[in-house]
Amino acid sequence: MIENIRLSFQGIIGHKMRSFLTMLGIIIGIASIIAIVSTIKGTNDQIKNSLVGSGTNVVNINTQMGGMNVLPDDGQDMSKVPIISEKMLADIKDLPGIEDAVRYYKANEYNGIVFKNKSDIQLGIIGSNADYLNINGYQIKAGRSFVKEDFTKIRNVAIIDDIAVDNIFDGEDPIGKVIELKGIPFTVVGVTSKMEEEFKINLTSLSEWETYFGDESSGMMLIPYTSWQEVYAFDQPFQLVVKAKSTEDMTKAGKNAADYLNALIPQTEQDDKNSRVTFKSEDTLEKAKELQNLSSATSRQLIWIAGISLLVGGIGVMNIMLVSVTERTREIGLKKALGARRKVILSQFLTEAAVLTSLGGLLGVLCGIGLSYFISHLASVPVAISVPAIIVSVAFSMVIGIIFGLIPSIKASKLDPIEALRYE
């Protein structure tokens, strides 16, 4: 085998241009497949990270009425919504697929926020604790987070995000400043922001922005849940956000938490479906999978198209091997006259075809990796090199060499030694 490989390389080096042109179809086919698979894999990773929370694995459990998301300040009757107790929260944390969970109040405030003379301020108001920041992937950028005394002493303090800082303070340092929320003063003790994301989703319209980021676009103000009743002065049920143990567990974690809460809501056959209260998890993982499936379906079509060039490359290999058999007819006859068996001749030509296509496969992989990064730079799309695709591509190129080199090899092994020696 080693001798056959050595002879194969001698033949390739002896006919450099012919060998390169023969390998060109293999190189183009493999490079195309590597580039397609790597680009699609990178795009799928971007979809997953962008829609599924950039690694935070967070699932929001929304309160719905008649199939539509509602908040208590929407004026709907929320009397049937169960109040999530500490014990219920502990039970939810023990459900399969859930790593952590936190309760929170939420309201969208449009006219009740004042800072100095500025009153046209819109913010999403959250009432919770520091766990809300941790689970949702926020980090303290300036100042401090909540401390135990903020809750035990019912302090009116607030943490705002960097979007709210830009909208309200016009370059001022917000730490220590007082914001009035419905006439109640809250002292800003911290500024938070989302952790840096490796990938950013490209949003092309306002509706897409609202779909993925909602009222976060106007900023957020987080206050201790102990201060919530003072501001809104009514018993409001908690909302819930859960953190899954992994991205793949997000659907299961959200469904388990929603099912647990729905089991606590009294329902009767007479309930109007438009007024029925339910909990439903945001299944962003399924949304991501739908987009990934669409992306993968497109990639499969492109791979089949790229595979045509591999077929053309295989035909080129067969053609050049037939030429090689013709050129070396006398050599084959001499070997057979000296006692070489058919399988020796067969293995020699099969090895040469396999070496030729494997070398083309390796060059194709290098070109494919380079092409992937070139496309990534040119089109500003992510790329993720697929090692399995590389291994399969090189192995497939060897298989092509064996399959398309089989007919010329069989022809060479069947040559009559006497006729071969007489060949001119």
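Asp249 is buried, its relative accessible area being 17%. Here buried means under 20% relative accessible area, exposed over 50%, and partly exposed in between (1.4 Å probe, protein chains only). This is a predicted model, in which local features need pLDDT of at least 70 and side-chain atom pairs count only at pLDDT 80 or more, while totals for chains, interfaces and linings use all residues. Residues are numbered from 1 along each chain as its sequence is written, and side-chain values use heavy atoms, with hydrogens and water left out.

**View A. Asp249 and Lys252 form a salt bridge.** A salt bridge is a side-chain nitrogen of Lys or Arg within 4 Å of a carboxyl oxygen of Asp or Glu. In this pair the closest N and O atoms are 3.6 Å apart. Lys252 is partly exposed, at 39% relative accessibility. The structure holds 11 salt bridges.

**View B. Asp91 and Lys87 are joined through their side chains in a salt bridge.** The N to O distance is 3.0 Å. Both residues lie in helix H3 (residues 86-93), 4 residues apart, so about one helical turn separates them. Helices (H or I, at least four residues) are DSSP runs, numbered from the N terminus. Asp91 is partly exposed at 26% relative accessibility, whereas Lys87 is exposed at 59%.

**View C. Arg144, Asp150 and Arg155 belong to a network of salt bridges.** Between Arg144 and Asp150, the closest N and O atoms are 2.9 Å apart. Asp150 is buried, with 0% relative accessibility. Arg144 is partly exposed, with a relative accessible area of 28%.

Technical notes. Helix = DSSP H or I, 4+ residues; strand = E, 2+ residues; numbered from the N terminus.
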